Amino acid sequence: MNLSSSERPSLSSELTGSEFLRWYWLKDELVDFARHLGIRASGGKELLAQRIAAHLDGTAFSEPRTPKRTAAPQLCGPLSPETVIPVGQRCSQVLRAWFTEQVGASFHFDGEMRAFFANSDGTATLAQALDHWYGTRDQGQKTIDAQFEYNRFTRDWHTRNPDGSKAELLEAWRQYRDQPIDARGRA
């Protein structure tokens, strides 16, 4: 395949891994293509794309090791600020209800709160989690991780086009994603 092509190719086993990685693909496209190739179709977009690229290049792909989860005790029942958060506590509906009662309808498990619970060592209390919630508000715009490319594009587009319409955004997104990665942002 010609790496200088500026036209998005069809998904085909004839692609090289590097040509495949030059383009934006929807998760559904990646899943279908992986199944067509006879390889695992599970995982996030980035993992799936790397697995497909390795297959297209005929190279071995080492699956990332994920630690085995053990069933950790989860909070339930009446909660209070003094409730200790157990290791492995999920961001559950029980917690969401308690935090919504404390904070109001604006509460949501954002990245800051998910990280707080993920890193809990079994000594933190819900009062500390609540302090963390308040302490992490009004910190300005957060970075959007690379795997959320559409969200990053949307934020940037709205910054440049504050009065733009949804139709204009979607057309700009279509044009953006139809370009090879190495040609984006040159216009």
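Predicted model: local features only at pLDDT ≥ 70, side-chain atom pairs only at ≥ 80, totals over all residues.
Contact here means heavy atoms within 4.5 Å.

**H7 against H8**

On the H7 side, Glu-149, Tyr-150, Phe-153, Thr-154, Trp-157 and His-158 do the touching, and their partners in H8 are Glu-168, Leu-169, Leu-170, Ala-172, Trp-173 and Tyr-176. Sorted by class, that contact has eight nonpolar, two polar and two charged residues. The angle between H7 and H8 is about 125°, so the two helices are oblique to each other. Their crossing is right-handed.

**H5 against H6**

Here Glu-112, Met-113, Phe-116 and Phe-117 of H5 meet Leu-126, Gln-128, Ala-129, His-132 and Trp-133 of H6. The class count for this contact is six nonpolar, two polar and one charged. At about 150°, H5 and H6 are roughly antiparallel, because angles over 145 degrees count that way. This crossing, too, is right-handed.

| Pair | Angle | Axis distance |
|---|---|---|
| H5 (111-118) and H6 (126-135) | about 150° | 10 Å |
| H7 and H8 (166-177) | about 125° | 11 Å |

**The largest pocket**

The largest pocket has a volume of about 480 Å³. It is lined by 18 residues, and Tyr-24, Lys-45, Ala-146, Gln-147 and Glu-149 sit closest to its centre. Glu-149 also turns up in the H7 contact with H8. Helices H3 (45-57) and H7 (149-160) each give the lining at least two residues. By class, the lining has ten nonpolar, three polar and five charged residues.

Notes
Residues numbered from 1 in each chain as written. Heavy atoms only, no water. Axes fitted to C-alpha atoms, helices over the stretch in contact; angles between N-to-C directions. Helix = DSSP H or I, 4+ residues; strand = E, 2+ residues; numbered from the N terminus. Parallel < 35°, antiparallel > 145°, perpendicular 65-115°, else oblique. Left-handed = near helix turned anticlockwise from the far one by under 90°. Nonpolar A, V, L, I, M, F, W, Y, C, P; charged D, E, K, R; others polar. 1 Å grid on protein atoms, 1.4 Å probe; cavity = no way out; pocket = protein on both sides within 12 Å on 5 of 7 lines; lining within 4 Å. Points joined across faces, edges and corners; volume = space filled by probe spheres on them.
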